[in-house]
Amino acid sequence: MTFVRIYISESDPGRKGSLMENILEILHDRHQVRGVTVFRGIAGFGSTGVVHAGDLLRLSPHLPEVIEFFDEPDAVAAAIESLGDLIPPKHLISWNVECR
């Protein structure tokens with residue numbers, strides 16, 4: 001199996017709606033990959049080094065999101081190709097895993 005992790009921000013725009021929604025639509029509707037999970041981070045920073053954090057007193061619209069999924073290597077390769085230029089450069093990582 002191949003495991004994929006995509007790093008984005010909840011404020012990243014997609015082609016229509018949020019980037020996260022666009023990615024989920026492609027993974028679910030076009031490719032029916034298995035094991036998709038979206039995590040919202042409580043804090044993070046990207047290449048600019050600006051820290052974005054959320055708490056009760058200060059809500060940031062730029063919190064990190066991580067999308068994870070796994071499937072057979074051919075299915076993952078097709079899904080990644082469909083995501084195309086939606087994913088910012090160097091924001092997608094993948095590795096082979098053993099599924100038990």
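Is W95 buried, partly exposed or exposed? Keep that in mind; the tour ends there.

Before you click, note that this is a predicted model, where local features need pLDDT of at least 70, side-chain atom pairs count only at pLDDT 80 or more, and totals for chains, interfaces and linings use all residues. Residues are numbered from 1 along each chain as its sequence is written, and side-chain values use heavy atoms, with hydrogens and water left out.

**The sheet.** Show the strands (DSSP runs of E, at least two residues, numbered from the N terminus, as helices are for H or I, at least four). Four of them make an open, antiparallel sheet ordered 2-5-1-6; pairing takes at least two DSSP bridges between two strands. Strand 2 (34-40) and strand 6 (92-96) are the edges, each with a single partner strand, so one side of each has no neighbour in the sheet.

Now select residues 2-9 and 64-71: strands 1 and 5 run antiparallel, joined by eight bridges. Pick F3 and you'll find F70 of strand 5 opposite.

**The helices.** Select 19-30. Helix 1 lies across strands 1, 2 and 5, at about 5° to strand 5. Next take 73-83: helix 2 packs on the sheet, touching strands 1, 5 and 6, and its direction makes about 140° with strand 5. Contact means heavy atoms within 4.5 Å; axes are lines fitted to C-alpha atoms, for helices over the stretch in contact, with angles from 0 to 180 degrees between N-to-C directions.

**Last stop.** Select W95, in strand 6. W95 is partly exposed, with a relative accessible area of 34% (buried is under 20%, exposed over 50%, partly exposed in between; 1.4 Å probe, protein chains only).
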